[in-house]
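Let's walk through this structure together, starting with a pair of helices and then turning to the pockets. Keep the 3D view open as you read.

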Amino acid sequence: MAQDPEVTASELVAALTETVSPLLRHAGTVFASNQVPFSQASLLTDLYEQSVPQRMSMLAQKFDVAPRTVTTLVDGLERRGLVQRGPDPDDRRAVLVSVTPKGNALMQEIEWGRQALADELVNRLTPGERVQFARLLDKLRQAPRNEKGPQA
């Protein structure tokens, strides 16, 4: 593919998917070994990355799901000791969800493995190639997205 000046979008996406799939597989393997389903893993990852407690209602909005769905996801994570609920000091009716030390440890395990894999992958690039690659990825990231797929 690298030699062909007529690279299709499908070929580029396939190469990108093949390149990043070990990073995704690593996280999936760690979550699976801890019996954390994908839907719960997404919520835990978001809470970890935000690093501050989040209102259940905001999580429902962010993930575009019913509040009951977030409750079910949080229930599962709470049973595993990965998150905890607490009162919102600004609103007695609201509940905040935060990552527990056990949840942080799990996410750090994923981050360490992901970083090692990323280093192995990116260390193949020169500093100039890294800058160029980052610019290209940023350009792709800013492209409009049609989440419903192509229209007929």
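**Helix packing and pockets**

In this predicted model, helices H3 and H4 are roughly perpendicular to each other, because an angle from 65 to 115 degrees counts as such and theirs is about 110°. H3 covers residues 56-63 and H4 covers residues 67-79, and their axes lie 9 Å apart. On the H3 side of the contact you will find Met 56, Leu 59 and Ala 60, which meet Pro 67, Val 70, Thr 71 and Val 74 of H4. Sorted by class, this contact has six nonpolar residues, one polar residue and no charged ones.

Now for the open space. The largest pocket holds about 1,000 Å³. Its lining is made of 22 residues, and the closest to the centre are Leu 12, Leu 16, Phe 133, Leu 137 and Leu 140. Helices H1 (9-33), H5 (101-122) and H6 (127-141) each supply at least two lining residues, with H1 giving the most, eight. The lining has 17 nonpolar, one polar and four charged residues.

Next, look for the second largest pocket, with a volume of about 260 Å³. Of the 13 residues that line this pocket, Leu 24, Ala 27, Gly 28, Phe 31 and Arg 114 lie nearest its centre. Two or more lining residues come from H1 and also from helix H2 (38-50). Here too H1 gives the most, with seven residues. By class, the lining of the second largest pocket has nine nonpolar, three polar and one charged residues.

Methods: Residues numbered from 1 in each chain as written. Predicted model: local features only at pLDDT ≥ 70, side-chain atom pairs only at ≥ 80, totals over all residues. Heavy atoms only, no water. Axes fitted to C-alpha atoms, helices over the stretch in contact; angles between N-to-C directions. Helix = DSSP H or I, 4+ residues; strand = E, 2+ residues; numbered from the N terminus. Parallel < 35°, antiparallel > 145°, perpendicular 65-115°, else oblique. Contact = heavy atoms within 4.5 Å. Nonpolar A, V, L, I, M, F, W, Y, C, P; charged D, E, K, R; others polar. 1 Å grid on protein atoms, 1.4 Å probe; cavity = no way out; pocket = protein on both sides within 12 Å on 5 of 7 lines; lining within 4 Å. Points joined across faces, edges and corners; volume = space filled by probe spheres on them.
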